[in-house]
Amino acid sequence: MSIPQRDWQAATAAIEQARQAVISCHLHPDGDALGSALALHGALVKAGRPALVSFSEPFEVAAQYRFLPGVERLTPPDQVPAEPELMVCFDTGSLDRLGSLAGAFQRAKRTVVIDHHASNTRFGDVNLIDPAAPASAVLCRELLRRLDLPLDREIATNLYTALVTDTGRFQYQSTVPETHLLAAELLAAGVQQYEVAKAVFETNDIRYLRLLSRLLDRVTQVPAASLVWATVTLEDLRAFGLGMEATEGLIDLVRTDGASDVAAVLKEQPDGGFKVSLRSKGGTNVAEVAGHFGGGGHALASGYTSSRDAAGTIDALVEALQAQRAGANGQRPPAGGDGGSKRETPSTAASGR
């Protein structure tokens with residue numbers, strides 16, 4: 001790992017010396033964020049060390065992660081101490097991603113940030129950041145090792161869920177031999193692999209399937225930018241009685257379009273604008289694109305927030321993608337007009353033309 005030994009030592013010392021650790025992750029937590037946070041919390045509690053685990057409002061666990069061991073011990077964010085002695089957060093690229101817990105983090109006496117996003121702003125007192133790690137779970141496992149906290153089936157299940165989700169079931173480019181070695185260690189600790197797979201990947205509410213139908217009916221290609229995109233509105237979620245957490249995995253379906261390198265899902269937000277999730281198959285560094293709009297993430301998986309409407313958001317995204325491609329080719333980006341950013345209608349996109 002590329003993290004200096006002094007940072008590991010500072011993190012373990014902070015956790016060992018704290019009378020209570022508050023453990024958190026980014027808002028709308030995915031499998032890696034929640035699984036890593038629950039793993040550390042479970043390990044500390046089983047060792048007799050006071051700790052609590054929480055995440056920001058909206059305080060709702062996505063349905064596919066409600067099986068995770070220890071999820072019932074999550075503390076509502078309004079019950080988190082206003083000035084924690086120690087706050088540890090996982091998979092969180094910047095302070096604002098802590099949502100309603102950002103204030104508690106700022107007031108904490110000591111803070112530790114554990115993450116694998118290259119765009120992390122290093123906002124903690126101690127920062128364990130390794131962009132080469134395929135998941136924050138890898139860093140969590142190393143932290144447990146250094147704290148001499150043993151694995152059991154529950155802790156391993158949380159870590160395995162974190163690992164399998166953030167590696168796309170071990171198919172993303174970040175997966176390396178060591179990733180499989182860690183998976184083997186976790187399976188040996190008692191993880192029931194199919195139970196995890198069934199809960200996370202093979203169990204959906206019928207309302208979610210109906211949301212997918214609406215989303216897929218809108219899928220649109222922009223060949224000039226090698227982009228495929230779709231939008232999820234608040235009205236969609238209301239129509240099917242779903243919360244924002246239901247939008248997490250939609251990008252993984254849209255990205256399967258074989259004609260496009262970049263996929264985007266625009267998720268309308270209650271306070272206006274859109275959260276934009278980006279994925280690349282390797283031809284585009286979407287972290288650079290997201291960074292252009294104040295976001296960040298990985299080269300192949302990133303996101304940002306747009307204050308524009310859906311059409312304006314896509315126009316700006318297409319322009320940024322074309323500018324990046326022109327820069328990579330040593331060309332000047334197109335000036336004036338629509339820059340080749342004209343969007344196909346959904347019916348044209350569906351026909352593959």
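This dialogue covers helix packing and nonpolar cores in a predicted model.

Me: What limits apply to this model?
Reply: Local features need pLDDT of at least 70, side-chain atom pairs count only at pLDDT 80 or more, and totals for chains, interfaces and linings use all residues. Residues are numbered from 1 along each chain as its sequence is written, and side-chain values use heavy atoms, without hydrogens and water.

Me: How are two packed helices described?
Reply: By the angle between their axes and the distance between the axes. Here, helix α5 (residues 153-166) and helix α7 (residues 193-201) pack at about 55°, with axes 11 Å apart. Helices are DSSP runs of H or I, at least four residues. Axes are lines fitted to C-alpha atoms over the stretch in contact, and angles run from 0 to 180 degrees between N-to-C directions.

Me: Which residues of α5 and α7 meet?
Reply: T157, Y160, T161, V164 and T165 in α5 meet Q193, V196, V200 and F201 in α7. Contact means heavy atoms within 4.5 Å.

Me: Which residues of α7 are buried?
Reply: Buried means under 20% relative accessible area (1.4 Å probe, protein chains only). In α7, that holds for V196, A197, A199 and V200. The buried residues of α7 pack against α5.

Me: Which residues touch the most other members of the largest nonpolar core?
Reply: A nonpolar core is a set of buried Ala, Val, Leu, Ile, Met, Phe, Trp, Tyr and Cys residues joined through side-chain atoms within 4.5 Å. In the largest, of 57 residues, L40 and F90 touch the most other members. Helix α2 (residues 31-46) gives the most to this core, with eight residues.

Definitions and conventions. Buried means under 20% relative accessible area, exposed over 50%, partly exposed in between (1.4 Å probe, protein chains only). Helices (H or I, at least four residues) and strands (E, at least two) are DSSP runs, numbered from the N terminus.
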